[in-house]
Amino acid sequence: MPIRNFYVEKCNGCGICVACCPMDVLRLDEKMKKAVVKYPKDCVACWGCESFCPRGCFDVSPERGRGELVSPY
Amino acid sequence: MNKIESLGTVITTDVLVLGAGGGGMCAALKAKENNADVLLIDKMGIGWNGQVPIGGGILAYVYPEYAEKWAENVTRQSFFFNNQDWTYQLGKYMHKSTLDLADMGLTFYRTKGELNILNWGPNIYVTLFDAPKSLVALKKTALKRGVKMMDKIYAIDLLKNGDKVVGAIGLGLVDGKTYLFNAKAVIIATGNCGYMHEKTYSSVLGEGAAMGYRASAQLVNAEFSSSYVWGIKVLGKELMGIHFYLYLENARGEKIMGKYYPELMTGKHSVYTFDPRVIDAMQKEVNAGLGPIYINLKGLSDAEIAGLAEDQVEGLTHLMANDTMKLLREKAGIDPTKERMEMWPRYLYSGGGLRIDINGKTTLDGLYAAGGASSNSWSGGGGGQGGLGVQSAAVTGFVAGENAAKYTGQAKRFEIDFNQAKNAIERVMAPMQHEGNVDAAEVAYRIHEAVVPMKYNRQREAGRMKEALAIVKDAKEKLSRVGAKDFHDLARYHSAESMTIAAEFTYKAALMREESRAGHFREDFPQRDDKNWFKWITIEQKDGTPRLSTLPVPVEKYRLQLK
């Protein structure tokens with residue numbers, strides 16, 4: 001899966017990753033006040049969460065969760 | 001029970017803005033400034049949504065005294081194919097819009113309180129802003145000024161009463177509620193269609209054009225602005241920087257750019273990631289059996305690599321190149337100073353959108369559009385000018401926001417039509433009624449097979465475009481077998497549907513236009529043909545099917561006349 005590591009212990013529940021995910025992969029667990037990787041397969045590896053997370057909770061690899069890109073040629 | 005409330009949660013506002021990216025945020029702020037009650041919704045979380053936070057943070061403009069000249073240049077460069085009224089309006093508005101954005105708290109970089117202004121070309125200036133924090137800052141201002149907001153609401157269809165647009169249907173992705181928004185005016189600002197292909201454009205999937213089309217609004221320019229950038233294959237990411245082209249080589253290790261563009265090999269040139277000459281050279285080499293294409297930075301130091309990104313817009317591409325090199329090392333395990341990397345042209349997004357008039361209004365009463373979801377033909381068929389993406393979103397947003405608010409000041413409220421709403425909701429919810437045996441992602445990737453290959457979308461030709469349309473048809477058939485378990489799935493279904501619509505319209509309009517012009521190149525009609533094709537192609541729904549028509553460019557009404 002593209003989100004190869006999510007360091008939940010570092011998460012402060014700020015919700016930025018949920019807000020910036022274009023694919024609705026991440027959600028906030030209101031009770032735990034932590035982000036949850038709810039739909040991991042739908043990640044397109046845009047690196048939004050990894051770039052914007054203030055706590056460095058994400059490690060995203062380049063592979064997409066549901067297949068790779070079509071050749072332009 | 002014939003009560004609207006039985007269909008979902010009803011929320012009432014004057015102006016409903018769909019999509020809170022650059023265009024939608026500006027529309028909401030300006031509508032509020034014009035005393036309307038404004039609700040802004042987005043499928044992501046407002047402040048971090050859309051393309052602006054992950055973009056380059058560039059806002060270009062010309063000063064008002066140069067606006068006429070600028071518009072004249074654009075008009076001549078587009079061979080008079082542009083909507084001159086919009087070109088002049090954009091030219092005149094840009095500087096004011098920059099100041100408005102500064103007043104609204106956009107995160108411009110400043111020195112001693114003053115905006116940093118850089119000269120970017122003859123009479124073109126740019127100001128840079130902190131992109132990741134930009135929408136958060138505007139959001140703060142909008143909230144303070146009383147704009148209401150809802151996050152994680154996926155708008156799918158418009159609500160109509162007779163011919164008027166009276167609101168929209170939204171899926172609450174988190175709370176699982178179905179929303180019926182009743183508004184006096186709706187502004188669609190959901191962006192164009194990036195097909196979740198190029199990463200920067202993953203958030204925009206053609207939803208606005210699709211919902212507008214279903215409501216019988218007119219679309220225009222679908223055949224234009226499909227564009228490619230070049231980037232690093234393994235990352236699926238463009239490579240920002242103006243000198244990297246010098247290091248492109250083929251499988252044999254021969255440098256490629258000098259073969260086709262020797263003039264680029266002497267002196268200093270700025271060749272951006274979207275420069276078509278690079279895509280041309282790459283494609284020619286691959287077609288000659290000399291692919292794949294690599295970038296070879298072996299032996300260069302990190303500082304030298306960052307130097308290749310150098311730009312007049314100091315520091316910006318420099319930073320982006322550093323980021324890209326870091327990603328390569330950390331994510332792909334590639335050391336760019338030690339090994340060469342395969343490069344790919346990458347498809348960006350489709351063009352066109354909802355046709356808007358000089359006030360940002362679409363062809364339907366009560367419906368406005370802004371940003372990438374709209375098309376005002378300001379640049380003719382061209383993709384416009386670097387740095388004007390955010391500016392164009394801001395200006396169309398301000399214009400639509402102001403005029404929608406003025407309209408709501410005079411217009412009476414029309415209630416939601418129960419039967420229309422019921423039918424629309426049934427359509428939206430239909431995938432929840434069956435399990436399905438295809439995933440929505442399969443549809444999206446099938447669409448990639450139609451829109452990404454350059455043989456279909458860059459060197460267009462009738463036979464091959466028909467092949468592409470057959471792929472789109474197959475994708476639609478797959479879509480009919482997609483089911484949804486929850487609203488997340490349902491949203492993916494509707495995204496896939498809007499992508500099939502965008503792809504279909506791109507090729508239908510491209511097939512119709514039997515000439516070459518701007519970014520639209522036909523191998524079978526390689527010349528510009530003003531005699532037959534000095535007109536825009538529009539698409540509108542008639543009896544459930546798309547009908548293509550043409551609209552002559554009304555050049556006789558414009559300032560500059562075609563001689």
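Author: Let's begin with an open sheet of five strands in chain B, in the order E20-E18-E12-E21-E22 and with mixed pairing. This is a predicted model, where local features need pLDDT of at least 70, side-chain atom pairs count only at pLDDT 80 or more, and totals for chains, interfaces and linings use all residues. Residues are numbered from 1 along each chain as its sequence is written, while chains are lettered from A and ligands numbered from 1 in the order in which they are written.

Reader: What makes strand E18 and E20 of chain B a pair?

Author: Strands are DSSP runs (E, at least two residues; helices are H or I, at least four), numbered from the N terminus. Two of them pair if DSSP finds at least two bridges between them. Strand E18 (residues 353-355) and E20 of chain B have two bridges, in the parallel sense, so they meet the requirement of at least two. Within this pair, B:Arg355 stands opposite B:Ser375 in E20(B).

Reader: Why do strand E20 and strand E22 of chain B stand at the edges?

Author: Strand E20 (374-375) and strand E22 (545-552) of chain B each have a single partner strand, so one side of each is left without a neighbour in the sheet.

Reader: And which helix lies across E18 of chain B?

Author: Helix H5 (residues 207-214) of chain B does; it also lies across strand E12 (219-220) and strand E21 (535-542), and runs at about 45° to E18(B). For such angles, axes are lines fitted to C-alpha atoms, for helices over the stretch in contact, and the angles run from 0 to 180 degrees between N-to-C directions.

Reader: Why is B:Gly167 called buried?

Author: B:Gly167 has 29, so it is buried. This residue is found in strand E10 (residues 164-172) of chain B. Leaving out residues up to four places away in sequence, B:Gly167 touches several others, including B:Leu16, B:Val186 and B:Ile416. Touching, or contact, says that C-beta atoms placed from the backbone lie within 7 Å.

Reader: What makes a set of residues a nonpolar core?

Author: Its members are buried Ala, Val, Leu, Ile, Met, Phe, Trp, Tyr and Cys residues joined through C-beta atoms within 7 Å. The largest one here has 198 residues, and those with the most contacts inside it are B:Val15, B:Val186 and B:Ile187. Helix H15 (residues 487-512) of chain B gives the most to this core, with 13 residues.

Reader: How do you know that this core lies between domain 1 and domain 2 of chain B?

Author: Both domain 1 (228-347) and domain 2 (431-527) give residues to this core, so it lies between them. The bounds come from an automatic or database domain assignment. The C-alpha centres of these two domains of chain B lie 29 Å apart. Four residues of domain 1 of chain B are in contact with five residues of domain 2.

Reader: How many residues of chain A are in contact with chain B?

Author: 24 residues of chain A are in contact with 36 residues of chain B. The largest share of the side of chain A that touches chain B, four residues, comes from H1(A).

Note on methods
Contact = placed C-beta atoms within 7 Å. Buried ≥ 20, exposed ≤ 12 C-beta atoms within 10 Å, placed from the backbone.
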